[in-house]
Amino acid sequence: MCFFGTVLLLACGDFVFGQDVVFHLLEGDQLGREVGNVADEAGLNNIAGEQDFAHLRYSFLTTQTPHYNYFSINNQTSVLTTNQAIDRETLCEFTNVCFIKLNIAVQSMKSSFFQKVSVYVYIDDVNDNHPVFDKPIIDLQISESVLVGTSITIDGARDADTSDRYSLQSYEVMPNDTPFEINFQKKLDGTSIVRLIVKEALNREQRDNYHFSVVARDGGSPPLSGTLKVNITISDVNDNSPKFSQSVYYIEVKESVNVSSVILTLRATDLDDGKNGKVFYRLSPHQSETVLTSFAIDNSTGDLSVIKPLKYVKGEQHVIIVEASDFGDQPLTSQALVNVTVLDVGNNPPSINLNLLSSDSLAKVSEFASRGTVVAHIAVDDPDTGKNGEIMCTIDNPAFVLQRLENKEFKVTVDRALDRELYQQIHVTVFCKDSGMPPLNTSDSFYVEIEDENDNAPIFDLSVYTAGIMENNNVGDVIVHVQANDADDKNNADLLYSLSESNNGMFYIDEKSGIIRTQARLDRENVSSYSVIVIARDQGDPALSGSATVIISVLDKNDNEPMFNQSRYTFTVNENAPAGSQVGILYATDQDEGENAVITFTGPDSVPFTIFPGGYIKTDRVLDREVQNRYEFIARARDKDHEATAVVTIHLNDKNDNRPKVTSPSQLNNTVYVDKHTEVNTMVTIIRAYDLDSGINSQLIYEIVGRNDSGHFDLHPDKGQVFLKRSLENNIGTFFRLDILVSDMGHPVLSTPATLNIRVLTSNTAALVEPKSSNILIVAILVSVTVIISLAIIVIIVFIRRSDRQRRNQGQVNENFYKGVVENTATVFAAPSEESISEKKKKKGVSFSLENGVDKVSEVTTQGQEFMYDNDMERKVDDSHSLGSASDSGRGGSDDELNSSRTHNNSGDIHSTKKDWYLHHQRSYDAPMQTFLPPSNPPSYHLLPHPGGSQNGRQNYQYSDSMDPGPSDASLRTFHGRTMSYDTNSSSEGLNQNGGPSDCVV
């Protein structure tokens, strides 16, 4: 990068002068470029010796000239670096060779060694400027009579690069098929005289204008270029430029010259005639601002004058470029140089130039510095000569002494021991005067800073820092800024921060600023706070450190949803409970804290319950289980931003608030007809009842509370079945009355009474033989009833279809139900005798009974009370809906009764089955109920003698059912002192004949 030469001119004791070093540096705008090592190039290791060389310090001797601002020197290593951009064209605008001279002071911090080194930095040119024309486009006129070879001068391009290599090198006409070519001559200001030469005869009539470009190129590789657009109109040409009497002028001017004084008259002549030969003068605009503001020239006479006071500067000259141009259509211009030297006049006071041997505004010295250690360099400048230029200086502080180096240079050295603990800075004033008459004096002062040794450890502002940061942070978020202070200076107070290894990699600290940032995403629910040790360490030797504790709290962010402790809640509440009764409590948790963990519970408005914000569920009205026994809805738990849901199911506990409903016998149909030949233990009829309540409140008990039958009949307490217990042979035409009480098992017990009338007929045929006169009436009634039933079925079907359609639209589950209709009347006949069977084969018919003007028809449905079955249960619908039913054969015990008995032998009686359906499918009291006709061909049931005969005095009977083989296991049940056993292994039922009516075995 550089080369150097070193010449040792003078050596005397500990002081060495005249050492020169040469560096070469390319111009450029990069800061901090290394120029070279002054100590290495000057050989100071050999001059100062190895012991002092390690303690040498380097600084500039003067900083008043602007050139020193371009560089900085490391006061310990002597490495010279650039301090700002260096532009060769700015430093040396019109010269081919450019260099800067720097004076470097070398001093020992431990001894009296001192040396001044002169450094010459040559700025080598870089091709960083394009050739530039003053105007991008020019218009020319050339006479058509112009001769071949005629030249036309145009303003050439100017290249700010002035080196021989990278300055302007060539011009070219493009395209090259024009009748013109270029010839040029470089000028002093970097521009050039460019001549456009006519190389072919011009004929305006053939072509009156030309358009081409003139391209100027420098010597770079690749070359940089500038372009001038040329528009030529054929006309005459001015081909002679003015010429000065000499190309360079030298003059001297005293600094006391008056403003507006003419210091030189320049003359230039032009061989052309008329306006082409008339000359005017001007200063070239391409020169320093100092020249343009200090001098002026008369355009007509060429008189050069001073327009502001001049100041003497030793060794400085003003170089002025003067131009002379003619008034031709294309003016021609020539230039001349004027060198003006300003002469010194009178006595001037000296000026002090302090060099504190450091880059700061303070002189610095260690508190352990020995006597004779150099603190500062003083150079006194006085442009006067003789006595007026002789200088003497003194110092006012006893801690330091002033020693002369050269005629006008001094050094300030330590004269006694220093102690920074007593004082940190010392004010020093230097007085200087010349020997003129009268003497002129001046003074300057500076501060000497006593440098500290590293004897203080860093101390944090706080011993414990507390900070908070929101969880779910971004990596790199700022948490806290810690700061420590060190009473020392420089490296001893230059602190680097670090964290102890206990932070688990969650945080990091900027070692310079002390800003602690996150290195990972924090989750308060995992860790809510951290304790981190931060350490501050100085850069002294040895290094000292201090520490502090940083407690980091992770602040909560609402990033967790509430969570119910269970996904489904099931509660129960009593029906008829007053509004505001508590049903249950919902529980939910939120892992957040504070207001983010506040949970509010809500529910839908469409249910008869209120969910309070605290999770309590209460009724908002009195509820009726028989209207709806179960509610299911979505409960919501919400914090500020999130929501969770759970399914709540509330079952209504039944209260015994409904009496049993007796559907058979009824007020309109309470009579059963029994043949006198009916066998003992034959089921005569069934007491039909149901209870809208549920559970034990709907379990019914049947009992006879009043009677006149002398024990001929018995009532099953659970099933409501009426059995013949004694023969009716001697009771022909007798009318028995049984007062029935149907009670539930709730608390309190609710009961409903009913009356059952039983009439004994003389024979089976007696009921079938009717006067012929009544047959016509019966047929008419039968037809009428059939028409009415058919119409009712059509209406019911239409109604059912519409109801199903509505339920589908409401999204409810479509369930099918069967509905039984209890008839007004029916007739039950005992099984016929063998004699009657043959007679029945001859004549088969249906028996009717007319009582009080009301038809009692078996196997025909008439208007009656309604009830419904759930389709989830076994649907068994009675075929006659009467207290008794007559089969074609005339046997006692209707098929429907036996069917009912068989159907519910495992799950309870038919009444509890109706109750269970009503609990599961509650509906509005005012809503119409669907009606279904009973099956047209119900199964038949018969009690037949078992082939095995009697066992242990008990007659066994076969349980015959074509649709169900009977119970699957044997069991024993007791009701009100009566024992009923089921023989399931043989699929038969037996009646205890010894126990009388108190024991019934089925």
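The legends below describe several close-up views of one predicted model.

In this predicted model, local features need pLDDT of at least 70 and side-chain atom pairs count only at pLDDT 80 or more, while totals for chains, interfaces and linings use all residues. Residues are numbered from 1 along each chain as its sequence is written, and side-chain values use heavy atoms, with hydrogens and water left out.

**View 1. A salt bridge joins Arg 524 and Glu 593.** A salt bridge is defined here as a side-chain nitrogen of Lys or Arg within 4 Å of a carboxyl oxygen of Asp or Glu, and by this rule the count comes to 18 salt bridges. In the pair shown, the closest N and O atoms of Arg 524 and Glu 593 are 3.4 Å apart. This pair links distant parts of the chain, since Arg 524 sits in the loop between strand E39 (515–518) and strand E40 (529–537), Glu 593 sits in the loop between strand E45 (588–589) and strand E46 (600–602), and the two are 69 residues apart. Helices (H or I, at least four residues) and strands (E, at least two) are DSSP runs, numbered from the N terminus. Arg 524 is buried, with a relative accessible area of 10%, whereas Glu 593 is partly exposed at 40%; buried means under 20% relative accessible area, exposed means over 50%, and partly exposed lies in between (1.4 Å probe, protein chains only).

**View 2. A salt bridge joins Lys 640 and Glu 595.** The closest N and O atoms of Lys 640 and Glu 595 are 3.2 Å apart. Lys 640 counts as partly exposed at 47% relative accessibility, and Glu 595 is exposed, with a relative accessible area of 54%.

**View 3. Glu 643 and Arg 636 meet in a salt bridge.** The N to O distance between these two side chains is 3.0 Å. Glu 643 counts as partly exposed at 27% relative accessibility, and Arg 636 counts as partly exposed at 33%. Elsewhere, salt bridges that share partners join Arg 524, Glu 525, Asp 556 and Glu 593 into one network.

**View 4. Helix H6 (residues 772–809) holds Arg 802, which belongs to a positive surface patch.** The patch is formed by Arg 801, Arg 802, Arg 805 and Arg 808, and Arg 802 is partly exposed, with a relative accessible area of 46%. Patches are made of residues with over 30% relative accessible area and no salt bridge, where like charges are joined within 9 Å and nonpolar side chains (Val, Leu, Ile, Met, Phe, Trp, Tyr) within 5 Å. Lys and Arg count as positive and Asp and Glu as negative, while His and the chain ends are not counted.

**View 5. A nonpolar surface patch includes Val 787, which lies in helix H6.** The patch, of about 550 Å², is made by Val 779, Val 783, Val 787, Leu 791, Ile 794 and Val 798. Val 787 counts as partly exposed at 45% relative accessibility.

**View 6. Ser 118 makes a polar contact with Asn 103.** The contact runs between the two side chains at 3.1 Å; a polar contact is a pair of N or O atoms within 3.5 Å, and within protein one must be able to donate a hydrogen and the other to accept it, with residues adjacent in sequence counting only if both atoms are side-chain atoms. Ser 118 belongs to strand E8 (residues 114–124) and is buried, with a relative accessible area of 8%.

View 7. Most residues other than glycine have a negative phi, and most peptide bonds are trans.

Notes
Accessible areas come from the Shrake-Rupley method with a 1.4 Å probe; for residues, only the protein chains shown count as cover. The place of a charge is taken as NZ of Lys, CZ of Arg, CG of Asp or CD of Glu.
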